[in-house]
Amino acid sequence: MSTSPAARDIDTSRPHSARMYDYYLGGKDHFDIDKKAAERVVAAYPAIFVCARENRAFMHRATRVLAREYGIRQWLDIGTGIPTEPNLHQVAQSVVPEARVVYADNDPLVLKYAERLMRSTPQGRTTYIEADVNDPDTLLNAPELAEVLDLSRPVALSLNALMHFVTDAQDPYGIVNRLLAALPSGSALALSHCTPDFTPETWQKVTDIYTGAGTPVRFRSQDEVARFFTGLDLLDPGITMGHRWRPDGEPTATDAEVSLWTGVGIKP
């Protein structure tokens, strides 16, 4: 793992989406400026706590399903965020101890806490690389990735609450296609994405808060999220709200509260 970025100062002059998300999840790895921005989001969309919680729960369920039912033993998790246990590798390795996971993020604060992401089972492997989803080739060619993942065998590409931070001008569909093109048949895409479909005015306010804080966002409709899965075999129940994707129990939140499209697809 490269350690040079650790020397970079963590920018506390403006809020950061990963640290705001940490606040929504009840974590402690954020600064006052993040809390203030997050509280503005909460004022516009009080259910952001529900959305964040259901996003994590979807990631846990999708990881378990891919491990148990589809033979996935390798994961590439981009936009990892600040570690919140159980992390993806802990969920995967609880099902298959030999699971291998590469985490990638471009936030120096995540790098600071990356040691938490390294606590693998003896049988498995984990690593963390600093990389940007907007530069998929550099990410895919990182030597740390090659040390942990065998790209000739199926890999689950995990993009949780990430692609709404990629604007249309940044070619989000091209990025996902490039990442999937590097993965063999039998690989998977697990993706969650916030949406304005249920309460457009609320999500316009959220958009304005993030964009005003220096983090442009593009929340997308169900059809727009479905486009990420073009050419993949979608698992049941298709593109659905996060709390309705193979829930462990009866959903208690409303669709408007969750406002998170999710899906899992297999590459033919």
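Some ground rules before I go on. This is a predicted model, so local features need pLDDT of at least 70 and side-chain atom pairs count only at pLDDT 80 or more, while totals for chains, interfaces and linings use all residues. Residues are numbered from 1 along each chain as its sequence is written, and side-chain values use heavy atoms, with hydrogens and water left out.

Aromatic pairs, then. Rings of Phe, Tyr and Trp (its six-membered ring) pair if their centres lie within 6.5 Å; planes under 30 degrees apart are stacked, over 60 edge-to-face, and the rest tilted. By this rule there are nine aromatic pairs. One of them is Tyr 24 with Phe 49: the centres are 6.5 Å apart and the planes at 85°, so the pair is edge-to-face. Tyr 24 belongs to helix H1 (residues 17-24) and Phe 49 to helix H3 (residues 48-69), so the pair ties together parts 25 residues apart in sequence. Helices here are DSSP runs of H or I of at least four residues, strands are E runs of at least two, and both are numbered from the N terminus.

On burial, the cut-offs are under 20% relative accessible area for buried, over 50% for exposed, and partly exposed in between, with a 1.4 Å probe and protein chains only. Tyr 24 is buried at 6%; Phe 49, at 31%, is partly exposed.

Another pair is Tyr 173 and Phe 228, which is tilted, 4.5 Å centre to centre with 35° between the planes. Tyr 173 lies in helix H8 (residues 172-181), and Phe 228 in the loop between helix H10 (222-226) and strand S6 (233-234), so parts 55 residues apart in sequence are tied together. Both residues are buried. The charged end of Arg 227 sits over the ring of Tyr 173, 3.7 Å from its centre; the test is NZ of Lys or CZ of Arg within 6 Å of the ring centre and within 35 degrees of the ring normal.

Last, strand S1 (residues 74-78). Five of its five residues are buried, so S1 is largely enclosed by the rest of the structure. Gln 74, Leu 76 and Ile 78 are on one side, Trp 75 and Asp 77 on the other, and both faces are covered. S1 runs parallel to strand S2 (residues 100-105), with five bridges joining them; strands pair if DSSP finds at least two bridges between them. Ile 78 has Ala 104 as its bridge partner in S2.
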